[in-house]
Amino acid sequence: MVECTLCSLMGLGCRCIYNILMTALEYPLVVFLLSCLIALVFLFNIQSAKILCELGSVAARSCGMAFATGGETNAVCGRRCLTNFDYGVERGPHTWPCSGANQSPINIIEASVQKFPIRELLTWNHYEDLPSAVILENTGHTVVLRASFSGNTPTLSGADLLASYTFVELCFHWSQSNSEGSEHMLNYRHYPMELQAMHRTGPPGENASSYDLLMVAYFYDISSNNPYLEPIVQNLPRIRMPGTHVEIPPFPLSYLCHQFRSGFYSYGGSLTQPPCYQGVEWFILPEPLAIGERQLNEFRQLLSGDGKSRIVRNSRPIQNINESRVVNLNQYSPMEACALMDRGESYQSQDVMASAAEENSENLD
């Protein structure tokens with residue numbers, strides 16, 4: 001009896017909708033409005049497909065900067081194309097095939113840095129622009145954020161850079177303890193978290209060398225909740241499982257990339273994941289940004305590649321600094337910078353050795 005009543009109601013509803021539509025279609029204005037609505041839905045689907053294709057291209061270019069070693073693919077920031085390493089006992093940093101004298105991360109000792117005058121301030125272009133789409137992903141090693149832009153992609157230039165560097169992606173490093181988590185150290189101190197924003201120079205779509213990369217690093221220290229991190233933190237539960245990625249509401253990259261212009265450290269190092277190719281330029285902001293305990297704990301809930309255990313640590317240990325490597329404190333001083341150039345001293349960053357350049361000059365597939 002109940003089923004018959006429901007069937008009767010559904011039939012009545014369908015007939016009513018049909019009659020309303022047939023009556024409405026007799027009026028040209030209604031037909032026009034319905035046609036516009038159908039056209040808008042069609043255009044929306046096309047735009048959504050375009051955004052997804054653009055994000056796929058960004059991911060493909062990122063994995064295009066990967067390194068082929070032993071038949072397995074390795075990339076920057078722990079993407080899905082990385083499968084042959086982790087931070088545990090069996091496949092941790094002590095087993096990675098990394099070599100060279102200029103490895104990262106390092107311990108920056110303030111008393112040992114060299115003051116380096118720059119004639120231009122570091123320039124951040126289009127970091128205030130709103131992306132057309134933002135993708136957040138749990139790679140099983142870290143959290144990666146990629147953005148797609150319908151207009152200009154954010155770039156870095158100025159300071160002692162000889163080219164413009166385009167934003168590629170950013171990732172995070174943390175641990176279960178507040179006394180560690182960052183990859184770099186400052187005056188023998190680890191911070192609970194480090195954000196690394198990868199940039200590259202050269203035309204998009206071409207193979208990239210490690211010498212085309214610029215990494216910009218930020219420390220995070222425990223404080224009050226940081227509202228600029230909330231677009232990330234609120235969506236972390238959606239990517240708790242490894243290999244999951246979601247599109248989140250877009251926001252300007254300036255929320256995460258603090259636009260410092262002077263007073264930053266720089267040195268020549270390497271990628272911090274295998275095979276750790278050298279030639280990467282590092283810019284590091286000395287002053288830590290804020291992160292709340294609650295916000296940091298959301299990162300600690302993410303699961304690692306096995307889908308069972310949490311990501312308890314995703315930072316490479318500190319590497320030795322050889323005597324020839326220089327860490328600069330870049331300070332805006334045009335007159336001093338011009339004086340250095342007049343004396344014939346190199347205006348480029350002085351920390352990459354020629355031997356490392358010969359080892360890593362090959363393009364990265």
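A residue is called buried here when its relative accessible area is under 20%, exposed when that area is over 50%, and partly exposed in between (1.4 Å probe, protein chains only). With that in hand, welcome to the close-ups. This is a predicted model, in which local features need pLDDT of at least 70 and side-chain atom pairs count only at pLDDT 80 or more, while totals for chains, interfaces and linings use all residues. Residues are numbered from 1 along each chain as its sequence is written, and side-chain values use heavy atoms, with hydrogens and water left out.

**View 1. Asn-226 sits in a loop between a strand and a helix.** The loop runs between strand S12 (213-223) and helix H3 (230-233); helices (H or I, at least four residues) and strands (E, at least two) are DSSP runs, numbered from the N terminus. Asn-226 counts as buried because its relative accessibility is 12%. Its side chain reaches the backbone nitrogen of Tyr-228 at 2.9 Å, a polar contact being a pair of N or O atoms within 3.5 Å, where within protein one must be able to donate a hydrogen and the other to accept it, and residues adjacent in sequence count only if both atoms are side-chain atoms. Leaving aside neighbours within four places in sequence, Asn-226 is in contact with Tyr-220, Ala-290, Ile-291, Gly-292 and Gln-295 (contact means heavy atoms within 4.5 Å).

**View 2. Helix H4 (residues 293-300) has buried residues.** Seen down the axis, the buried residues of H4 fall within an arc of 150 degrees, so they line one face of the helix; the arc is that of the directions from the helix axis to the C-beta atoms. They pack against strand S7 (143-148), strand S9 (165-174), S11, S12, H3 and S15.

**View 3. Strand S12 is mostly covered.** Eight of the 11 residues of S12 are buried. Two strands pair if DSSP finds at least two bridges between them. Strand S11 (residues 193-200) runs antiparallel to S12, joined by eight bridges, and here His-199 stands opposite Leu-214. S15 runs parallel to S12, with nine bridges between them; Glu-281 in S15 is the bridge partner of Leu-214.

**View 4. A disulfide joins Cys-98 to Cys-276.** With a disulfide taken as a pair of cysteine sulfur atoms within 2.5 Å, the count comes to one. The S to S distance is 2.3 Å, and the torsion about the S-S bond is about 45 degrees, so the disulfide is right-handed. The pair links distant parts of the chain, 178 residues apart: Cys-98 lies in the loop between strand S2 (72-74) and strand S3 (107-108), and Cys-276 in the loop between strand S14 (264-270) and strand S15 (278-292). Cys-276 is buried, with a relative accessible area of 1%. Look also for Cys-257, buried at 0% relative accessibility, and Cys-338, partly exposed at 35%.

**View 5. Strand S13 (residues 245-248) has a covered face and an uncovered one.** Val-246 and Ile-248 make up the covered face, while His-245 and Glu-247 make up the uncovered one. Strand S6 (residues 133-138) pairs with S13 in the antiparallel sense over four bridges, and Leu-136 stands opposite Val-246.
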